[in-house]
Amino acid sequence: MELLSYFLDALTPFNLMLALVGVVLGTVVGALPGLSATMAVAVLVPFTFTMDPAAGLIALGAIYTGAIYGGAYAAILVNTPGTPSAIATTFDGYPMARRGDGGLAVTLATIASVVGGIVGAISLLLLAPPLAQVALAFGPTEYFWLAVFGLTLISALSVGNTLKGLIGACLGLLLSMVGVAVVGGDVRYTGGMQAFLGGIDITSALIGLYCVPVILDLVATRDPHLRVDTGQDGIRLGEAFRLAWKRKFNVIRSSVIGTVIGILPGAGGSIAGLVSYTEARRASPRSNEFGKGEPDGVIATEAANNATVGGGFIPTLVLGIPGTPPDAIILGALLVQGIKIGPTLFASEGQIVYTFIYGLLIATVLMLPMGLLIGRYAYRSVVAFPKAMLVPTVALLTVIGSFAIHSNPEDTRIMFGLGVIAWVLNRYGFAPSPIVLGLVLGQIAEQGFVQSYLIGNATNDVLGMFFGRPISIGILAAAVLTLGYPFWAEWRAARRSRAPLTEMAYVAGETPGASGHPPPMPKDAPRGPRGTDTGGVVLAAIFSVIALVAFWLARDMSAMGAVFPSTISAVLAALSLGLIVLALTGRVWPATAETAQGPVSNQRRVGLVIAFGLWVWLMPVLGFAISGFIAFVVLAALGEHDAVPVRSWIIRVALAALIVGAFWWLMADVLLLRMPRGLLF
């Protein structure tokens with residue numbers, strides 16, 4: 001009866017309004033790249049101090065879950081994760097939108113997010129105390145092997161280019177070491193520049209690696225950004241529900257994975273989404289369709305990352321150990337309210353805690369109608385938006401998103417630089433996903449490795465520390481299976497006359513199964529220069545030099561600060577040299593970029609790079625408003641391939657002023673960020 005009374009407390013009109021408004025605000029914030037769930041929760045925490053504790057928690061929980069879900073919009077529509085949790089959503093969500101199934105992808109993401117959120121919230125309601133013990137069973141060794149397991153997912157994310165994927169992961173790991181070492185405090189790889197002392201912000205890197213290449217390709221052709229088939233432009237609710245029901249085991253499995261990973265402090269939705277994506281791919285009979293627009297990929301990612309919301313609250317409420325930054329902020333709000341966190345919380349503060357959990361469930365359910373409503377108009381708006389205006393708008397979002405994290409123009413410059421590099425790397429088969437994965441997991445892997453190594457030395461049992469714990473052995477076994485999956489799948493494909501998955505299959509001249517993979521090498525093609533991946537060789541040589549420099553610089557670090565960089569540098573050098581050997585012997589076929597429907601203008605790409613670079617460099621000098629307005633107009637001109645009447649340009653200039661001004665007001669007056677005003681103010 002008490003649980004029923006708590007449920008009725010959550011159903012009061014005020015709490016329902018908070019849940020509804022919180023979900024809408026969170027979804028909008030999550031859909032804007034860079035405006036993360038952490039920022040949304042942090043900004044609104046002070047407003048909850050005057051509320052009843054349960055009502056304030058409902059508002060914060062609704063914003064949090066809405067923001068995690070909202071990240072799918074940007075991932076599907078502009079190939080940029082709105083939040084780090086939506087990294088894997090880009091793999092299949094954007095290809096679905098490109099072929100005209102964007103409405104279906106948004107609807108599937110909504111359904112999967114709601115189911116995953118419900119599973120996580122129910123787990124929090126029924127299983128919080130026992131599941132919290134799982135978090136206590138994880139020590140530094142388990143976190144290290146968990147990070148290694150995450151890195152082995154590269155073998156699934158780089159099908160047909162596993163070696164290049166592993167090189168990309170090593171690059172991401174090296175990027176994660178820039179700044180102050182997570183263990184030991186060494187200052188590493190900053191080049192003497194203060195901008196790198198704080199390291200490379202993950203959100204800024206995400207925006208640059210994923211979004212800038214999209215903008216560069218948008219301006220280069222007349223091709224529409226997204227395509228809509230006649231009669232297929234709605235949210236397609238019935239079709240989405242049928243697809244989700246057919247894939248119900250994927251939905252439940254991914255939700256459970258997300259809940260379990262959510263209770264591990266520091267893991268979060270990005271790891272949960274990647275693990276679920278890999279498991280869905282491994283279990284699917286259409287595994288070679290993943291990366292081309294397979295609905296199972298979107299379902300797995302979105303179910304998992306929303307399940308981490310409820311899962312993350314388990315150690316937060318029971319143990320006082322926040323699993324993610326938003327959990328930490330909500331924990332702080334609880335402490336300000338005078339609520340004591342711990343195992344007795346559910347008994348001593350049952351009315352507050354259970355009302356909050358029920359409110360979180362209600363907010364999750366409300367995501368379905370509100371998400372579909374927002375998604376319908378968001379998708380239609382992006383499709384109908386002229387590409388000449390879409391290019392500067394997306395570029396403006398990247399600048400705002402990267403700047404808003406720390407109110408630091410240096411983050412914006414790093415974002416842009418990484419984006420240009422990512423476009424070049426992607427042209428030669430080095431996808432951004434492995435780099436992002438290495439960057440996200442780098443600090444977790446290093447901290448677990450160094451701490452385990454120190455404990456092992458202190459107990460004179462280093463090997464036992466790494467290989468003698470049951471959970472570690474289980475995670476290690478899963479990592480080995482994941483890394484070997486493409487080779488087993490290749491053997492299975494050969495038996496079934498299906499598509500090859502690894503580089504070695506291309507040597508035999510078999511037909512690849514996924515678009516964007518290198519073309520097959522003909523059986524009678526000569527080995528040597530004609531089949532040489534020249535671009536890959538040049539880049540591998542550059543990476544070898546980077547590895548040697550990183551290894552050399554590690555000599556001046558402390559033992560704790562040097563062990564991980566030295567190891568990764570050596571691995572990067574070995575992988576790069578291996579790629580050079582394979583490419584020079586004709587065993588790696590040159591990567592090919594996706595072909596456009598019309599002529600490609602590299603001049604426009606160069607013009608965009610110059611304009612974008614001047615924008616991020618001069619923003620502190622001219623100020624956000626003036627530099628943003630000028631850049632918006634210039635980028636709109638670069639994105640327009642046809643003659644436009646003067647009247648239309650006047651309207652576009654007015655829209656540029658309106659859009660830039662609206663974002664200025666949002667950032668400066670609502671989010672209270674220190675926006676650069678420049679010398680003219």
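Accessible areas come from the Shrake-Rupley method with a 1.4 Å probe; for residues, only the protein chains shown count as cover.

This is a predicted model: local features need pLDDT of at least 70, side-chain atom pairs count only at pLDDT 80 or more, and totals for chains, interfaces and linings use all residues. Residues are numbered from 1 along each chain as its sequence is written, and side-chain values use heavy atoms, with hydrogens and water left out.

**View 1. The whole chain.** The protein chain holds 28 helices and 2 strands. Helices (H or I, at least four residues) and strands (E, at least two) are DSSP runs, numbered from the N terminus. Of its 681 residues, 58% count as buried. Buried means under 20% relative accessible area, exposed over 50%, partly exposed in between (1.4 Å probe, protein chains only). Among contacts (heavy atoms within 4.5 Å) with a separation of 6 or more, 79% are between residues 24 or more positions apart.

**View 2. Helix 14, residues 295-318.** Its 24 residues should span 34 Å at 1.5 Å a residue; the end C-alpha atoms are 36 Å apart, which agrees. The expected span is 1.5 Å times one less than the number of residues. A kink of about 30 degrees is centred on V309. The bend at a residue is the angle between axes fitted to the seven residues ending there and the seven starting there. G320 follows the helix, with a positive phi near 75 degrees.

**View 3. Helix 28, residues 646-670.** The 25 residues should span 36 Å; the end C-alpha atoms are 35 Å apart, which agrees. Buried residues include R652, I659, F663 and W664. Their cover includes helix 18 (387-404) and helix 27 (624-639). L672 follows helix 28, with a positive phi near 60 degrees.

**View 4. A nonpolar surface patch.** V606, I610, L614, W617, L618 and V621 form the patch, with about 570 Å² of accessible area together. Patch residues have over 30% relative accessible area and no salt bridge; like charges are joined within 9 Å, nonpolar side chains (Val, Leu, Ile, Met, Phe, Trp, Tyr) within 5 Å. A salt bridge is a side-chain nitrogen of Lys or Arg within 4 Å of a carboxyl oxygen of Asp or Glu. V606 lies in helix 26 (residues 602-622).
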